[in-house]
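Please look through the sequence and the model shown here before reading on.

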Amino acid sequence: MLTFLSENLATIIISVALAVLIVLILLKLRKDRKKGKSACGCSGCAECPCAGTCHKQ
């Protein structure tokens, strides 16, 4: 078991770092969505040329 860990330590560290980064991104997106912010980065849908396609009412 220790041999496996020592041979794959770099891969394990990178994988854990990427997983943490993805979780942080998803938490930020969730927090922004609860606040009513857009995920596309626009300041509001009034200026967005795609407002009619992404937010059908």
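Methionine 1 is exposed, its relative accessible area being 77%, where buried means under 20% relative accessible area, exposed over 50%, and partly exposed in between, with a 1.4 Å probe and protein chains only. This residue lies in the segment before α1. The model is a predicted one, in which local features need pLDDT of at least 70 and side-chain atom pairs count only at pLDDT 80 or more, while totals for chains, interfaces and linings use all residues. Residues are numbered from 1 along each chain as its sequence is written, and side-chain values use heavy atoms, with hydrogens and water left out.

The secondary structure comes to three helices and zero strands, in the order α-α-α from the N terminus on; helices (H or I, at least four residues) and strands (E, at least two) are DSSP runs, numbered from the N terminus. The predictor's confidence in each residue, pLDDT, runs from 0 to 100, and it averages 83 over the protein, with 75% of the residues scoring at least 70. Confidence is highest in α2, at a mean of 94, and lowest in helix α3 (residues 51–54), at 70.

Helix α2 has 26 residues and reaches 38 Å from its first C-alpha to its last, close to the 38 Å expected, the expected span being 1.5 Å times one less than the number of residues. After α2 comes glycine 36, which has a positive phi, near 90°.

Of the 57 residues of the protein, 5% count as buried. The accessible surface comes to about 5300 Å², and 67% of it belongs to carbon and sulfur atoms; such areas come from the Shrake-Rupley method with a 1.4 Å probe, and for residues only the protein chains shown count as cover. A nonpolar patch of about 1000 Å² is made by residues including Met1, Phe4, Ile12 and Leu27. Patches are made of residues with over 30% relative accessible area and no salt bridge, like charges being joined within 9 Å and nonpolar side chains (Val, Leu, Ile, Met, Phe, Trp, Tyr) within 5 Å. Both α1 (2–7) and α2 supply at least two residues of this patch, and α2 gives the most, with six.

A search of the whole structure finds one salt bridge, that is, a side-chain nitrogen of Lys or Arg within 4 Å of a carboxyl oxygen of Asp or Glu. Aspartate 32 forms it with lysine 28, the closest N and O atoms being 3.1 Å apart. Both residues lie in helix α2 (residues 9–34), four residues apart, about one turn of the helix. Aspartate 32 is buried, at 15% relative accessible area, whereas lysine 28 is partly exposed, at 46%.
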